[in-house]
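Hi,

Here is the structure I promised you. Please open it alongside this email, and my notes follow below.

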Amino acid sequence: MNTVVQKYGGSSVATPERIQIVAENILKLKSQGKAPVVVVSAMGKSTDDLIKLALEINPEPSKREMDMLLSTGEQITTSLLAMALDRLGHKAVSLTGYQCGIITDDFHSKAKIHQINTARINKELNNDNIVIVAGFQGYNVDSGDITTLGRGGSDTSAVALAIALEAEKCEIYTDVTGIYTSDPRKVKKAHQLSEISYDEMLELAKLGANVMHPRSIELARKNNMILYVRSSFDFDNMGTKIMEVKPMEKAQVRGVTLDENITRISVPRVPDKPGIAYKLFSALSAQNVHIDMIIQNLNYEGVNDISFTIPTDDLGIVLPIVNAFVFEVASEEALVEQNVAKLSIVGTSITSDAKIASGLFGILSDLGINIEMISTSEIKISCIVAQNDAINALNEVHDFFISNHLIQ
């Protein structure tokens, strides 16, 4: 059926004028003989407004009721976009996550997709309808409840639908023209990449690139679904293609990122016994908390220190678990540090080239910036630094790799 899935973020559909522009772009795709399935986010900052409204009513609302509330934002956009297409002379139908068969687990606010029943979508496409889907949401079969997919949920909805429908490709429209070597709002010399591998994009997304959500990239990689990140404000720019790229041996930096939404937690003097770390991290895993950097110091006098980083948004969930762990194992009180940021470089084989790591650490040393934690993988090096040093460090590190032709 030549299906193409497009996703439009909140800024792309923030106003009636923007919705009209998006409708016209969808019809261009339709005129090329494609069958568009369009996933949309809530308009502009309307999700933030709904959260604010909920907290005015109840400072501690249940996650189920928050899912009921927040799912309405995307439903408004789907209906308005369908109306805009109808006015332009083409049939369109808006569908909720439930109506288009997105089945999830029962974990409210961070649900994961189990399967998608595409029967309703295929029926509408066969009737020559353009299908508009509410992103960010699904439903649980056992409870019958609406669920939401959490941060970046509309990206995940779009990629999952593209896979289920065996689409040609999936286009993610946002307010930037593609994937950049760094955040162009913070780094003036950042430039757009024409293509990037799934693995590199996954690391950038995890490390604060703020363009794609890691879950959507993981889904695309597992199923070899080609993604395009494009701008709904510049349709002539072809954006960045995300796909499987076979790397050469030459090490190269693809991006420099900064994540300021992190908190470092340290638990001092934890008894050095088998199963102790499991006790802590299994409890955090049960709450779907994303743990990033983990460091356990060398054993000294039968104890060690465990430090790790979490998204600051999860601090309210994490602290009670950590405090209960501290009490249970009789360690010292946990230390919480919020004024930190994670500076990272990402690229193929960068840890195999000594001059890349030495360049990163050398720049931070020249700036007089202390590194509090270091984490590496085959394609990334991350450092925890003080937040008030972070923007300067980001620019200086990016400039160093640009000037030395190590970013491509």
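Strand E1 (residues 3–8) and strand E9 run parallel to each other and pair over five bridges. Helices (H or I, at least four residues) and strands (E, at least two) are DSSP runs, numbered from the N terminus, and two strands pair if DSSP finds at least two bridges between them. Gln 6 has Glu 171 in E9 as its bridge partner. E9 also pairs in the parallel sense with strand E11 (residues 227–231), again over five bridges, and there Ile 172 stands opposite Val 229 in E11. E9 itself (residues 169–174) is mostly covered, with five of its six residues buried. Buried means under 20% relative accessible area, exposed over 50%, and partly exposed in between (1.4 Å probe, protein chains only).

Before you go further, please keep in mind that this is a predicted model: local features need pLDDT of at least 70, side-chain atom pairs count only at pLDDT 80 or more, and totals for chains, interfaces and linings use all residues. Residues are numbered from 1 along each chain as its sequence is written, and side-chain values use heavy atoms, with hydrogens and water left out.

Now to another pair of strands. E19 (residues 373–377) and E20 (residues 380–386) run antiparallel and are joined by five bridges. These two strands form a hairpin with two residues between them, and Ser 377 stands opposite Lys 380 in E20.

What does Asn 304 touch, not counting residues up to four places away in sequence? The list is Val 267, Pro 268, Arg 269, Val 270, Asp 272, Gln 296, Asn 297, Leu 298 and Asn 299; a contact here means heavy atoms within 4.5 Å. Asn 304 lies in strand E16 (residues 303–311) and counts as buried because its relative accessibility is 4%.

Most residues other than glycine have a negative phi. Asp 128, however, has a positive phi near 65°. You will find Asp 128 in the loop between helix H4 (119–126) and strand E6 (130–134), and it is partly exposed, with a relative accessible area of 38%. Ser 349 is not a glycine either, and its phi is positive at about 60°. Ser 349 sits in the loop between strand E18 (340–346) and helix H10 (354–366), and at 17% relative accessibility it counts as buried.

Finally, the chain as a whole. It has eleven helices and 20 strands. The radius of gyration of the chain is 23 Å, close to the 22 Å that the globule rule gives for 408 residues, so the chain is as compact as a globular protein of that length. The radius is taken over C-alpha atoms, and the rule is 2.2 Å times the number of residues to the power 0.38. Along its principal axes, the C-alpha trace spans about 75 × 50 × 35 Å.

Buried residues make up 52% of the 408 residues. Among contacts between residues at least 6 apart in sequence, 75% join residues at least 24 apart. The accessible surface comes to about 18600 Å², and 50% of it belongs to carbon and sulfur atoms; such areas come from the Shrake-Rupley method with a 1.4 Å probe, and for residues only the protein chains shown count as cover.

Best wishes
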